[in-house]
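This report walks through one protein structure, from its sheets to its side chains. Please look at the sequence and the model first.

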Amino acid sequence: MAQETPTPDAVISAATRPATADLTGLILLGTFGSGDAPKALVRTSRGKVQMLKIGDQIGRDPVIAIEDGRLALAQKGETRWLTQPVAQ
């Protein structure tokens, strides 16, 4: 039988804090994989979670780089970097 341990108030407070990031756009959830084959998880504005690799596209924007904690998209001739939101 599992033993039940009460959850500390600080954990409950942190887990139920309202989001401070803008959740209506593309959000980088995380990056992982080796240097030769990095991957990223993103949440789209419609709430869909997708795994991406270099060369994949989000809409019309190709993924051109994935580094630790950030992802680069080519948008209209410019590079747009997405970074993971920081918990506060």
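An open sheet is built from 4 strands in the order β4-β5-β6-β7, with antiparallel pairing. β4 (57–58) and β7 (78–83) are the edge strands, and each has a single partner strand, so one side of each has no neighbour in the sheet. Strands here are DSSP runs of E with at least two residues, helices are runs of H or I with at least four residues, and both are numbered from the N terminus. Two strands count as paired if DSSP finds at least two bridges between them.

The model is a predicted one, in which local features need pLDDT of at least 70 and side-chain atom pairs count only at pLDDT 80 or more, while totals for chains, interfaces and linings use all residues. Residues are numbered from 1 along each chain as its sequence is written, and side-chain values use heavy atoms, with hydrogens and water left out.

**Overall layout**

The protein has 1 helix and 7 strands, arranged along the sequence as α-β-β-β-β-β-β-β. Of its 88 residues, 23% count as buried; buried means under 20% relative accessible area, exposed means over 50%, and partly exposed lies in between (1.4 Å probe, protein chains only). Among contacts between residues at least 6 apart in sequence, 22% join residues at least 24 apart, where a contact means heavy atoms within 4.5 Å.

**Strand pairs**

Strands of a sheet pair through backbone hydrogen bonds, either parallel or antiparallel.

| Pair | Bridges | Facing residues |
|---|---|---|
| β1 and β2 | 5 bridges | G30 and L41 |
| β2 and β3 | 5 bridges | L41 and M51 |
| β5 and β6 | 4 bridges | A65 and A72 |

β1 and β2 form a hairpin with 6 residues between the strands, where G33 takes a positive phi near 100°. The hairpin of β2 and β3 has 5 residues between its strands, and G47 in the turn has a positive phi of about 90°.

Most residues other than glycine have a negative phi, and most peptide bonds are trans. K76 has a positive phi of about 50° although it is not a glycine. This lysine, K76, is found in the loop between β6 and β7 and counts as exposed because its relative accessibility is 86%.

**Core and surface**

Which residues make up the largest nonpolar core? L26, L28, A40, V42, L52, I58, V63, I66, L71, L73 and L82 do, 11 residues in all. β2, β5 and β6 are the elements that give two or more residues to this core. A nonpolar core is a set of buried Ala, Val, Leu, Ile, Met, Phe, Trp, Tyr and Cys residues joined through side-chain atoms within 4.5 Å. Leaving aside neighbours within four places in sequence, the contacts of L52 include the core residues A40, V42, I58, V63, I66 and L71. P38, K39 and Q57 are also in contact with L52.

On the surface, L29, F32, L41, V49 and M51 form a nonpolar patch with about 430 Å² of accessible area together. β1 and β3 are the elements that give two or more residues to the patch.

I27 lies in strand β1 (residues 27–32) and counts as buried, because its relative accessibility is 7%. Its C-alpha atom is 6.6 Å from that of T44, 17 residues away along the chain. T44 sits in the loop between β2 and β3, and at 13% relative accessibility T44 also counts as buried. Not counting residues up to four places away in sequence, T44 touches G25, L26 and Q50.

**Salt bridges**

The whole structure holds 2 salt bridges, each a side-chain nitrogen of Lys or Arg within 4 Å of a carboxyl oxygen of Asp or Glu. One joins D56 and K53 at 3.1 Å, N to O, and K53 is partly exposed with a relative accessible area of 43%. E67 and R70 form a salt bridge at 2.8 Å, N to O. E67 is partly exposed at 38%, and R70 is partly exposed at 30%.

Definitions and conventions. Patches are made of residues with over 30% relative accessible area and no salt bridge: like charges are joined within 9 Å, nonpolar side chains (Val, Leu, Ile, Met, Phe, Trp, Tyr) within 5 Å. Accessible areas come from the Shrake-Rupley method with a 1.4 Å probe; for residues, only the protein chains shown count as cover.
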